[in-house]
There are 2 protein chains.
Amino acid sequence: MREITLADLDDIARGAAILGTGGGGDPHIGRLLAASALRRHGPVRLCPLEELPADASVLPVAMMGAPTVMVEKLPVTDQVAVAAEALAGYLGRELTHIACAEAGGVNSLIPVVAAAQLGLPLVDADGMGRAFPEIQMVLPTLYGVRATPMAIADEKGNRAVLDTVDNHWAERLARSATIDMGCSAMISSYAMTGAQAAESLVPGTLSLCAELGALVRQARAGHADPVDAVVARLGGRRLFGGKVVDVERRTVTGFARGTATLSGTDGDTGGELVLRFQNEYLVAEVDGAVQACVPDLICTLDRETGDAVTTESLRFGQRVTVISAPCDPRWHTPEGLALAGPRYFGYDLDPVGAGR
Amino acid sequence: MREITLADLDDIARGAAILGTGGGGDPHIGRLLAASALRRHGPVRLCPLEELPADASVLPVAMMGAPTVMVEKLPVTDQVAVAAEALAGYLGRELTHIACAEAGGVNSLIPVVAAAQLGLPLVDADGMGRAFPEIQMVLPTLYGVRATPMAIADEKGNRAVLDTVDNHWAERLARSATIDMGCSAMISSYAMTGAQAAESLVPGTLSLCAELGALVRQARAGHADPVDAVVARLGGRRLFGGKVVDVERRTVTGFARGTATLSGTDGDTGGELVLRFQNEYLVAEVDGAVQACVPDLICTLDRETGDAVTTESLRFGQRVTVISAPCDPRWHTPEGLALAGPRYFGYDLDPVGAGR
């Protein structure tokens, strides 16, 4: 894929929502925002990570906040570009490429919007290979790339540039600003060179999103099981099939936190699954035993359509299949686990293998 | 007074704390910070408001936060200049003058520190003629001067530049950042031209601080009543003389809020005084009747020394005299009262006259 056109958006949004592991935003909204931008500005060029010049000036953009709010409070048209331009102005240098901070139904598409509006190519990569809830949780943190200076902008016209002593402080100040701004805001962060991007980003994420989306679409058209196609492509495994019987969800400290309980309908995968989430699915317990946890991917898919079910769209009665899939191996290093392993999130667990 | 030297600091800090109406920071800390800066950089030139060139680039600086915290968590040496320079960099223009946002034991001296460090003259004026707890509560707001772009910096090295749609949003975002930064931070805000400063600031505030401080010092030396000297100079009146018998104080949403109860010892001023405060003294009730309230000044003075008693230093057993004094008349316009009148603070009161 060398460019992103209107025709690609359905597949990208669908695939991105799967990699979003419950977070990263609603794919329908992501698709609408990107479609509007592509209609106005034309297709977006996609730059493979390996072709990125070492001296490129790369800026990842994303939407930050609680997904429960992001589905109700939509960004305004130019908010994405405002966050990017505010940062470029502060840095005093011209941007050459837009990048994607995380995979997700909105956060894989927001960079498409920014690239279209700014007329810049988009790097085919992302900062996680999945979605995570906090700003410092990107692989570039492991490579010493600083989250700040970062810009944050809301739909009312408020904006801020933050410059912090480390990436945890960036998360802290940006989270408070996001809460003030109404629990969702647009950010541009982790400005980096092409060389830094090449070593720290996960290559091919947008292509993978498009591929996953196409696999699901084709399986449906051919009356095959779309979940099988996703599991096979990601090298993952089925954890559980069942019905959502309880969702406890609250929006606290700017996040959508909670648990969901599923009752088994596939006889072979156990009686009850509990999913714990903070924007993203973090831990999956089947009959009390942890079967998967961060940093590996836990994806909840509609059992008929294969579409991702985000944490904010979980509701009683949904029939879903929960799968796990391995994350980028750098997340399993000691530094990666310190940043986004189960213990960071307060679960006293060793990481559980996610592959087959 | 054409320059501020080490010898002036005691008087300025003492007088500023009186105008600070309980807030604006502890004068001992303000004096220490300014003395350290003057020892290193020499005296600070004072520019009368009427001599300020119309095209001057004026930047007010201040410390923001809960006074209860500001007495424990001191700013680091260069934090003041960092906030000013971060903003100058964002604005892309050279500063010509530093200004004072509010009168207060710290906030009249922080601009002295900034002016000394940056080698710039200080405008002899301030934005209120007193202290108020929130960012938008300055006379420049009434003249359409924008609080943002503003910079905020903590002692750890974190900084942010905020750019908001109005001055209330500036307060909201800056307050959250201040809370994250540990309830005290350095800000630079309301960057303005000399022409804007000339029409919107209160002239002569630093000279008035020095004069008030000298009056108190001289009264003490001459065994006269320093409170009389202050009341006479400010055109105010004595409200109450008594002993602090109860202080209820809490640090919430980044402010020092609470009430103090005083028991009368002067037979002629009533039995009980209740002072309500949010960083500053807002309302004074004698035997249940409101005798003074914002926007006029309520100053609590040690009855022996005449030194201001700030809200965070109030404690059981202190013998004090509480006085009121008229504020700048612009605070009594409908716009001024909407910004900092009693109803803004949640008291269903009409403003009470403060003069004799």
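Modeller: What follows explains how to read the model and then turns to one helix and its surroundings.

This is a predicted model, in which local features need pLDDT of at least 70 and side-chain atom pairs count only at pLDDT 80 or more, while totals for chains, interfaces and linings use all residues. Residues are numbered from 1 along each chain as its sequence is written, and chains are lettered from A, with ligands numbered from 1, in the order in which they are written.

As a setting for the helix, chain A has 11 helices and 17 strands (DSSP runs numbered from the N terminus, H or I of at least four residues for helices and E of at least two for strands). In chain A, 75% of the contacts with a separation of 6 or more join residues 24 or more positions apart (a contact means C-beta atoms, placed from the backbone, within 7 Å).

After α1(A) comes T21(A), whose phi is positive, near 50°.

In chain B, helix α1 (residues 9–19) packs on helix α9 (residues 205–221) at an angle of about 100°, with their axes 6 Å apart (axes are lines fitted to C-alpha atoms, for helices over the stretch in contact, and angles run from 0 to 180 degrees between N-to-C directions). That angle makes α1(B) roughly perpendicular to α9(B), a term that covers 65 to 115 degrees. On the α1(B) side the residues include I12(B), A16(B) and L19(B), and those they meet in α9(B) include L208(B), L212(B) and V216(B). The residues of this contact of α1(B) with α9(B) divide into 12 nonpolar, 2 polar and 5 charged (Ala, Val, Leu, Ile, Met, Phe, Trp, Tyr, Cys and Pro are nonpolar, Asp, Glu, Lys and Arg charged, and the others, Gly among them, polar).

A contrasting helix pair lies between the chains, where α7(A) and α7(B), each residues 167–180, pack at an angle of about 145° with their axes 9 Å apart. R172(A), L173(A), S176(A), A177(A) and D180(A) make this contact with R172(B), L173(B), S176(B), A177(B) and D180(B), and its residues divide into 4 nonpolar, 2 polar and 4 charged. The contact between the chains takes 17 residues from chain B and 17 residues from chain A. On the side of chain B that touches chain A, β7 (159–163) and α7 each supply at least two residues, and α7(B) gives the most, with 6 residues.

Terms used
Angles under 35 degrees count as roughly parallel, over 145 as roughly antiparallel, 65 to 115 as roughly perpendicular and the rest as oblique.
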